[in-house]
Amino acid sequence: MGIARPSGLIVIAVGVSFWLLQTFAVCVYATISKQWSKFAAFYWLATAISFAGAYAVIFFFTANIVHGR
């Protein structure tokens, strides 16, 4: 997304979509492997925070390195 430099709303929509796909994949894996955790809500919130941070860092890194000069 940093290379394409779309508007802020598109960047956020793509980030939320990626995070929801990640959440869906984890839920499917947990269902198949029968490894549900007591702290599932805490882990879900932690992935939201960590994914948002990683997505933001990578977006700004690519936007500034590729288009910075």
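With a relative accessibility of 18%, Y55 counts as buried, a term that here means under 20% relative accessible area, with exposed being over 50% and partly exposed lying in between (1.4 Å probe, protein chains only). The structure is a predicted model, in which local features need pLDDT of at least 70 and side-chain atom pairs count only at pLDDT 80 or more, while totals for chains, interfaces and linings use all residues. Residues are numbered from 1 along each chain as its sequence is written, and side-chain values use heavy atoms, with hydrogens and water left out.

A pair of aromatic rings is described by the distance of the centres and the angle of the planes. Rings of Phe, Tyr and Trp (its six-membered ring) are taken to pair if their centres lie within 6.5 Å, and planes under 30 degrees apart count as stacked, those over 60 as edge-to-face and the rest as tilted. By this rule, the count is two aromatic pairs. The ring centres of F51 and Y55 lie 6.0 Å apart and their planes stand at 15°, so this pair is stacked. The second pair, F59 and F60, is edge-to-face, with 5.3 Å from centre to centre and 75° between the planes. Within this pair, F59 counts as buried at 15% relative accessibility, whereas F60 is exposed, with a relative accessible area of 52%.

L20 is found in helix 1 (residues 8-33), where helices are DSSP runs (H or I, at least four residues), numbered from the N terminus. With a relative accessible area of 48%, L20 is partly exposed.

Notes: Helix = DSSP H or I, 4+ residues; strand = E, 2+ residues; numbered from the N terminus.
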